[in-house]
Amino acid sequence: DRVIVLSSFYHEILLKPGFQPDRVGLLPSELDVGSLVSEEEAKSSLSSVNSFTVGTIGRLSTEKNPVMFLRAARDILERGAQVRFIVAGEGPERARLEQLVEKWGLSESVRMPGYLPVRDFMKQVSVLVQCSFIENLPYSIMEAMAWCRPVVATAVGGVPELIEEGKTGFLVPPDDHEALANRLCVISSWPRLIEEMGTAGRRKVEREFTLQTSVERHRELYASRGGFH
């Protein structure tokens, strides 16, 4: 009876070939922010990160484009910036990434610890990076915002619905490692920006992606005989 999508991006994709508007429901993902982490703990963990550290987390696969992350890391380090990098996750691209870390001389600055629980990962990073070629409405970004971390991500799928440019983070073109490096250098040289963007991100998920709102939308959907928007 209905086709449910998580983001406006996919909502528009389905309408273009002729799906009737009353058959397409927009039901964004939700996050129970308070049960994930308190704001006090999130900010305390951020202040305890010893040096500016950029991290990416998720499946190490081609659609996630982790190579872009390493290219940006190389660019940043060549500029002489004091930055640390973490690539957390497992997947088919791991062996290739390890080879590139070695080939590009990044071993002292880039760690690849494998799978990490979100809590452990967030406690080690100052900024989350998402380099995907395609996404829907990624939980990893929402979780980083709940943890008061700025996000720099490719402007694909529903990602622009999460990141407010210059307020909760930055958006960069897909596969543009130079743009990613530039944005990360801006954040690394402006510590106050990390706190401001992190707080703004926390407020956004608390305001727009709550569990209560999601439950209400689900109830409306199943009770509705007409369109759901």
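Which residues lie nearest the centre of the largest pocket? In this predicted model, they are Leu46, Ser47, Ser126, Pro191 and Ile194, which belong to a lining of 15 residues. The model is predicted, with local features needing pLDDT of at least 70 and side-chain atom pairs counting only at pLDDT 80 or more, while totals for chains, interfaces and linings use all residues. Residues are numbered from 1 along each chain as its sequence is written, and side-chain values use heavy atoms, with hydrogens and water left out.

A pocket is an open set of points with protein on both sides within 12 Å along at least five of seven lines, whereas a cavity is a set of points where a 1.4 Å probe fits but cannot get out; lining residues have an atom within 4 Å of a point. Points are joined across faces, edges and corners, and a volume is the space filled by probe spheres set on them.

The largest pocket has a volume of about 240 Å³. Helix H3 (39-47), helix H8 (177-188) and helix H9 (191-208) each supply at least two residues of its lining, and H9 gives the most, with five. Helices (H or I, at least four residues) and strands (E, at least two) are DSSP runs numbered from the N terminus. The pocket lining has seven nonpolar, six polar and two charged residues. Here Ala, Val, Leu, Ile, Met, Phe, Trp, Tyr, Cys and Pro count as nonpolar, Asp, Glu, Lys and Arg as charged, and the others, Gly among them, as polar.

The search of the whole structure finds two cavities of 30 Å³ or more. The largest cavity has a volume of about 80 Å³. Its lining includes Thr56, Arg59, Lys64 and Cys131, and by class holds four nonpolar, four polar and two charged residues. The second largest cavity contains about 40 Å³ of space. Among the residues that line this second cavity are Pro28, Glu30, Phe209 and Arg217. Helix H10 (residues 211-223) gives the most to that lining, with three residues. The lining of the second largest cavity comprises two nonpolar, four polar and three charged residues.

Isoleucine 134 is found in the loop between strand E6 (127-130) and helix H7 (139-146). Its relative accessible area is 39%, so the residue is partly exposed (buried is under 20%, exposed over 50%, partly exposed in between, with a 1.4 Å probe and protein chains only).

Note on methods. On a 1 Å grid over the protein atoms alone, a cavity is a set of points where a 1.4 Å probe fits but cannot get out, and a pocket is an open set with protein on both sides within 12 Å along at least five of seven lines; lining residues have an atom within 4 Å of a point.
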